[in-house]
Amino acid sequence: MGLRVLLRPAEHRPGKAGAVGTTLAAAALLAAGIAVYATRARGVELFRTEPRGLDEFVYETPSVAWSVVPVVCAGPALLLGTTAALWCARKPWTLQGFRFARTAALIAALAGCGDTVLLLATGDPGWARREVSVALAVIKYSALLPAGLVALYGILVTWFRCAFGKAVTLEDSDGQECAPLTDRDPDPPGPPPSVPRAAERWRRGYQVPDVEPGAVGFCLSGGGIRAASIALGVVQSMRSRLLGARYLVSVSGDGFTAGALQQLLTETSAPPGAVRDPETAFAHGSVEEDFLRRHVGYLAATPAEMFTALGVLARGLLLSLAALFAPAVVAGVLAGRFYDFLPLTELPADARLAAPRAGVLLGLGTLALAALLVSLVGRALPHGGTATWVMRRLSGRLAVLMGLAAVLTIVLPVLGWLVEELLAQTSPGIRVGGPVGMVALAYLSALASILWRKRKTLNDAIHSARKGITAAIPNSLLQLLLVMLTTTVLGLAWLLLFVTMLGIGKTDAALWTAVGLGVVLGLFDQTSLSLHPFYRERLACTFAVRTIRRDGQEIVVLYPSAEGTTLSTYGKRPESFPEVIFAAAANLTGEARTPPGLNCVSYTLSANWVGGPDVGWVRTDKLERLVHNRLWRDLTVQSAVAVSGGAFASAMGRGAGWYQVLFAVSGARLGAWLPNPHFLLEASGQGWSYPGLPRARRLTYLVREVLGVHSYSDRLLHVTDGGHYDNLGLVELFRRRCAEIYCVDAGVNAPPGATSLADALTLAQQELGVRVEFDDPWRIEPGTAKPLDDDHPMSALDPRLAECPVLTGTIHYPEESGQRTTGRLVIGKAVLWRDLPYWLLSYAAHRPAFPHESTSDQFFDDGRFAAYTELGRRLGTAMAQVQGSKVELLETVDAPGVVPADHTGDPDRAGE
């Protein structure tokens, strides 16, 4: 193995033979050191006496001399082990951490050798020598902790990947022509680029495989079951235009309707007598619509189902809390064992706190002084040189090591003392009732966050006579305070449990408990602890149906629960029906890769491709073959409906704040962790050091949700509701450069202005350079209709009636799209207007929130379903009456990275 591999291991990775040989050498050196210590240095119990300052040390010169050998062996062993860890690292933060561990290994070896040499030179130790021993022990064992853990990780992971690892392999067409650009930094170093940054971003936004420019597209907006009902009505009344479209993009709740159509019309595994007619699927008065009407309360239609849903939420809460608090037990027990084996300091007992001895302070001061001196030397050296770079990083690592030593020797003992004081002042009843109350508080907070949709203003709450004055406190403040209180209590409880286990972790029972919890944690898939499986199942029980003709009659049957509706087969484009694209959002944080104001990027799922321009694309069938069973379950049509409609999630695009922590901790979260195409594109063709996709979503993914850490380089991405990115689906049709777009906006927008539409157009301008000029944008605003006569029975509806529910405009695509072209946009907004039927206006008159009832209200009945579907049918009729004019492509220009429609390698799509 060359010197470059040791000096720069992250850039120069050896083959399997070199990697295994390196880790075997590390293990052999460590074993040799332990053997020498056990046979030749038996009289020197360095691990137990050094931290106490050799107070009980028996001085024997030959044994002390032999004790140098374990230190000399451990240093190279740790260096080789941490080197192996760097070979297995991919992410910047893991590389930094493992490099710190390599430096810590060198510091530990130097401190150990220096301590032994000093002991041999000074003879019988006095007070000063004992305190110097304590200082060196603090430095040595504080550095040994991260170095040993990282070295062990490097050895074990290297062995596992070399023996069992399966390399990711994708074809060149997937890895080259559909790979995303990676220069997402808004201000990259170096000279200004010749092409404006906005133009580069726009060009990248059109990197979509299999596009057909100039096609017709439909997009159905989010809004839960309310939006799904409106979408169903629009589909019924716009059937002819829908069947002539190329794309059907569904977002959030409208994915219920799109998924139902897709599963009804698919040819895969269709039973004998199956009816798959696009002209009549879910038509008004059909057996499919009747089935949906009878099961529209898909979450809980009966009291028994309501109790079941509440029970599922409680189960998820308990399992999530157990998964999150179990590491506190494991870490506390291991920390207690660490202090028992290496007593760097005395843990307080019986609520007594002793001041740290002089040697501990000397060790911390030595590390702080070393960090300061190295930093000053680095600043004195010429700027930009290698020596300056080395000194600055060494200074930072010494400072981190000093902080770690302070935590081990001062912070944890102080916390232990505080816990002892707290427990001493707490009655047994509070000790038992506290955890129960904490769980109840978390459960109630989760319910409040999901179901609390009718909040009174401050004026209403206090029955103030001063009506009409805007409340000084937001309506959701009490809800937010409850969430903040819950998350704070949970955080303090976790810390309390850790410190408590730190004090009792020396017992064998505590050790075996920690081992058992560690094993159990390795078995759980964290997505299975959330509401996602329950949500997916409940949606399937209503929208995953087939129609079968028996004895001259048509009946509706549900999909068998064991039938996996894989995207690549069940999601194929049915004959005479548009391609269904489920628009979701992949959450990213802290890397300036998302649009301004968002914490997510586009992530779509379809039969042909999974991914987005910012994370890359992978063919769906290849992705299904790469993943393991637990992830495969979430690459189905039914899961795509649930994931793209997962509104309540720990990450919610434009921000979740405190709700992020509560949803993650309580288990009241939707969405799923799905494969990251960028990782697969990056890992394709790499050697043994690159990991494959995980078999399950372990505890680390739940921790990422709690902390809000979503990295671009993760193997899995947290994918949630598409409405967190674009609630209309318009941007996805703009990416595909459609010449005629029909958009159904069923969102809840308080007038004036359609905020979902405004957000979508702003996002399209920023990410794609698309501009839309509306013909008359204010006709859809409530209150613009001609007022009814004062004596009219429905005159009270005047402020809620719009002149027209349809908005039209012209789309202007930029040159970076690959074509200089314009298109036609037709938007249907779920509002009220004068031409609606009498019974629907009467329904609206008695329900002031209709048709903008809260998205969180998913408990529909037949009356609400009938009202919203009728509104959708009337809205679709109004949209169909618009004479949209297709605008032909004027000129085609080169656009790097845009994949032409005929370059897919898919024989099933030839000739389209």
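A charge is taken to sit over a ring if NZ of Lys or CZ of Arg is within 6 Å of the ring centre and within 35 degrees of the ring normal. In the predicted model described here, the charged end of Arg847 sits over the ring of Tyr843, 4.0 Å from its centre. Arg546 likewise lies over the face of Tyr559, at 3.9 Å from the ring centre. Because the model is predicted, local features need pLDDT of at least 70 and side-chain atom pairs count only at pLDDT 80 or more, whereas totals for chains, interfaces and linings use all residues. Residues are numbered from 1 along each chain as its sequence is written, and side-chain values use heavy atoms, with hydrogens and water left out.

The protein chain contains 32 helices and 18 strands, which are DSSP runs numbered from the N terminus (helices H or I, at least four residues; strands E, at least two). Of its 912 residues, 53% are buried; buried denotes under 20% relative accessible area, exposed over 50%, and partly exposed the range in between (1.4 Å probe, protein chains only). Among contacts (heavy atoms within 4.5 Å) with a separation of 6 or more, 79% are between residues 24 or more positions apart.

Rings of Phe, Tyr and Trp (its six-membered ring) pair if their centres lie within 6.5 Å, with planes under 30 degrees apart counted as stacked, over 60 as edge-to-face and the rest as tilted. By this rule, 10 aromatic pairs are counted. Phe98 and Tyr153 form a tilted pair, at 5.4 Å centre to centre and 45° between the planes. This pair links distant parts of the chain, Phe98 being in helix H6 (residues 92–122) and Tyr153 in helix H7, 55 residues apart. Phe98 counts as buried because its relative accessibility is 13%, while Tyr153 is partly exposed at 34%. Tyr843, Phe850 and Tyr868 are linked by ring pairs into a cluster.

The whole structure holds 21 salt bridges, each defined as a side-chain nitrogen of Lys or Arg within 4 Å of a carboxyl oxygen of Asp or Glu. Asp714 forms a salt bridge with Lys91, the closest N and O atoms being 2.1 Å apart. Asp714 lies in the loop between helix H28 (699–707) and strand E10 (716–721) and Lys91 in the loop between helix H5 (68–88) and H6, so the bridge ties together parts 623 residues apart in sequence. Asp714 is buried at 2% relative accessible area, and Lys91 counts as buried at 9%. Asp634 and Arg536 meet in a further salt bridge (2.8 Å, N to O). Here Asp634 occupies the loop between helix H24 (629–632) and helix H25 (637–644), and Arg536 lies in helix H21 (residues 532–543), 98 residues apart. Salt bridges that share partners join Glu289, Arg293, Asp862, Glu870, Arg873 and Arg874 into one network. Within helix H13 (residues 287–294), Glu289 and Arg293 are 4 residues apart and therefore separated by about one helical turn; their closest N and O atoms are 3.9 Å apart.
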